[in-house]
Amino acid sequence: MRDGEVRARLLEPIRRLNEGTTIGRELAEWLRDNWHSSLHLSDNETLMFVLGAIYHSHRSSEELGLVSVWAALERLFSSNAAELKYRVCTNIAAFLEPPGEGRYQMFKYLTKLYDARSAAAHGSPVKRNAAYMDSASIASQAILRIIELGRVPTKDDLEKELLSPSVRHD
């Protein structure tokens with residue numbers, strides 16, 4: 001970043017991203033405010049797995065990309081294989097949305113994306129064309145919140161978000 005301008009170059013092409021894409025002032029300011037403080041997160045094994053899974057998810061079909069993105073979300077938002085769909089979707093919704101109707105709507109949306117992931121994981125064609133991109137967007141939102149918090153949420157953090165909804169746990 002120099003003189004309020006950010007220049008970046010992709011190391012390899014990614015579907016749906018074009019060279020020369022510009023970012024707005026708000027995003028540039030977010031990068032300025034969060035870049036340095038997020039560097040310590042590179043020591044977190046879970047977050048590095050998640051970033052790798054998302055980064056490499058574009059290299060194959062959308063079905064396999066969808067499975068990869070959800071593997072990353074499962075790694076972040078579930079500590080137990082029991083009731084995986086419910087647990088992961090509930091934790092993501094609680095992490096990304098404050099208490100209220102928006103959190104419930106996010107949960108319902110996530111369950112539909114998870115169903116698309118399950119179909120892809122078992123070899124069925126994905127019925128929802130945007131499922132991969134929408135899932136990658138959700139994963140990106142989660143990573144941005146992790147960067148803003150400066151840490152990966154623990155199981156206890158996620159339970160507090162879910163079960164004590166009167167207070168936003170930042």
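The model is predicted, so local features need pLDDT of at least 70 and side-chain atom pairs count only at pLDDT 80 or more, while totals for chains, interfaces and linings use all residues. Residues are numbered from 1 along each chain as its sequence is written, and side-chain values use heavy atoms, without hydrogens and water.

**Two helices that cross**

Two packed helices are described by the angle between their axes and the distance between the axes. Here the axes of helix α4 (residues 84-96) and helix α6 (residues 131-149) come within 10 Å. They cross at roughly 55°. Helices are DSSP runs of H or I, at least four residues long, numbered from the N terminus. Axes are lines fitted to C-alpha atoms over the stretch in contact, and angles run from 0 to 180 degrees between N-to-C directions. α4 and α6 are therefore oblique to each other. Under 35 degrees counts as roughly parallel, over 145 as roughly antiparallel, 65 to 115 as roughly perpendicular, and the rest as oblique.

Which residues meet? I92, F95 and L96 in α4 meet I138, Q141, A142, R145, I146 and L149 in α6. Contact means heavy atoms within 4.5 Å. The residues of this contact divide into seven nonpolar, one polar and one charged. Ala, Val, Leu, Ile, Met, Phe, Trp, Tyr, Cys and Pro count as nonpolar, Asp, Glu, Lys and Arg as charged, and the others, Gly among them, as polar.

**Aromatic pairs**

The structure holds three aromatic pairs. Rings of Phe, Tyr and Trp (its six-membered ring) pair if their centres lie within 6.5 Å; planes under 30 degrees apart count as stacked, over 60 as edge-to-face and the rest as tilted. Two of the pairs are listed here.

| Pair | Centre to centre | Angle between planes | Type |
|---|---|---|---|
| W70 and Y114 | 5.1 Å | 85° | edge-to-face |
| F77 and F95 | 5.4 Å | 55° | tilted |

W70 sits in helix α3 (residues 62-77) and Y114 in helix α5 (residues 101-121), 44 residues apart. F77 lies in helix α3 and F95 in helix α4, so this pair ties together parts that are 18 residues apart in sequence. W70 and Y114 are buried. F77 and F95 are buried too. Buried means under 20% relative accessible area, exposed over 50%, partly exposed in between (1.4 Å probe, protein chains only).

**Two single residues**

N91 lies in helix α4. N91 is buried, with a relative accessible area of 11%. Not counting residues up to four places away in sequence, N91 touches F77, L158 and L162.

E97 lies in the loop between α4 and α5. E97 is partly exposed, at 23% relative accessible area.

Conventions
Helix = DSSP H or I, 4+ residues; strand = E, 2+ residues; numbered from the N terminus.
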